[in-house]
Amino acid sequence: QVQLVESGGGSVQAGGSLRLSCVASGSIFSINHMGWYRQAPGKQRELVARISSGGSTNYADSVKGRFTISRDNVKNTLYLQMNSLKPEDTAVYFCNVAVAIATTLASYDYWGQGTQVTVSS
């Protein structure tokens with residue numbers, strides 16, 4: 001009923017920048033919180049940044065001051081601007097969106113397919 005399509009991943013050198021996008025489409029009544037998570041090889045998935053429906057944000061300590069999360073509520077799109085990238089930022093990045101679906105107004109969490117970010121030293 002709801003699809004998330006991520007884009008913007010790639011390979012960069014340390015110190016570089018990337019911007020991730022996640023577009024939600026389908027039977028959407030409203031979108032509540034949205035967030036980015038990442039999972040490096042051999043590690044658990046971890047929260048990178050999260051943004052509420054009202055625009056409040058929180059970040060993992062490891063990315064504070066370097067990453068910025070934002071959303072466009074008209075376009076149902078989530079962004080993650082990543083600056084000053086480090087090799088330890090290398091991971092698959094997933095978007096996570098809490099959606100109230102139009103048919104029942106029930107809220108569900110949806111995950112994107114993931115996009116690879118690789119930072120070389």
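The questions and answers below go from the overall chain to single residues.

Visitor: What kind of model is this, and how are residues numbered?
Guide: This is a predicted model, in which local features need pLDDT of at least 70 and side-chain atom pairs count only at pLDDT 80 or more, while totals for chains, interfaces and linings use all residues. Side-chain values use heavy atoms, with hydrogens and water left out, and residues are numbered along each chain as its sequence is written, from 1.

Visitor: How many helices and how many strands does the chain have?
Guide: Helices (H or I, at least four residues) and strands (E, at least two) are taken as DSSP runs and numbered from the N terminus. Read from the N terminus on, the elements run β-β-β-β-β-β-β-β-β-β-β. The count is therefore zero helices and eleven strands.

Visitor: What radius of gyration does the chain have, and what would a compact globule have?
Guide: The radius is taken over C-alpha atoms, and the globule rule is 2.2 Å times the number of residues to the power 0.38. The C-alpha trace spans about 50 × 25 × 25 Å along its principal axes. For 121 residues the rule gives a radius near 14 Å, and the chain agrees with it at 14 Å.

Visitor: What share of the contacts with a separation of 6 or more joins residues 24 or more positions apart?
Guide: A contact means heavy atoms within 4.5 Å. Among contacts in the chain with a separation of 6 or more, the share from residues 24 or more positions apart is 56%.

Visitor: What percentage of the residues is buried?
Guide: Buried means under 20% relative accessible area, exposed means over 50%, and partly exposed lies in between, with a 1.4 Å probe and protein chains only. The chain exposes about 6100 Å² (Shrake-Rupley method, 1.4 Å probe), and carbon and sulfur atoms supply 49% of that area. Of the 121 residues, the buried share is 40%.

Visitor: Which cysteines form a disulfide?
Guide: A disulfide is a pair of cysteine sulfur atoms within 2.5 Å, and a search of the whole structure finds one. The two sulfur atoms are 2.1 Å apart, and the residues are Cys 22 and Cys 95.

Visitor: Which parts of the chain does the link of Cys 22 and Cys 95 tie together, and what is its hand?
Guide: The link has 50° about the S-S bond and is right-handed.

Visitor: Is Cys 95 buried or exposed, and what are its contacts?
Guide: Leaving aside neighbours within four places in sequence, Cys 95 is in contact with residues including Leu 4, Glu 6, Trp 36, Leu 78 and Tyr 110. Trp 111 is also a contact of Cys 95, and the C-alpha atoms of these two residues are 5.8 Å apart although 16 residues separate them in sequence. With a relative accessible area of 0%, Cys 95 is buried.

Visitor: Where does Ser 84 lie, and which residues does it touch?
Guide: Ser 84 is found in the loop between strand S8 (77-82) and S9, where it is partly exposed with a relative accessible area of 42%. Its C-alpha is 4.1 Å from that of Gly 15, which is 69 residues away in sequence. Not counting residues up to four places away in sequence, Ser 84 touches Gly 15, Gly 16, Ser 17, Arg 66 and Asp 89.

Visitor: What is the phi of Ser 84, and what is the phi of Leu 105?
Guide: Most residues other than glycine have a negative phi. Leu 105, in the loop between S9 and strand S10 (107-111), is not a glycine, yet its phi is positive. Ser 84 likewise has a positive value; phi is near 50° for Ser 84 and about 65° for Leu 105.

Visitor: Which residues is Lys 86 in contact with?
Guide: Lys 86 lies in the loop between S8 and S9 and counts as partly exposed at 34% relative accessibility. Its C-alpha is separated by 40 Å from that of Ala 102, 16 residues apart along the chain. Leaving aside neighbours within four places in sequence, Lys 86 is in contact with Arg 66 and Val 119.
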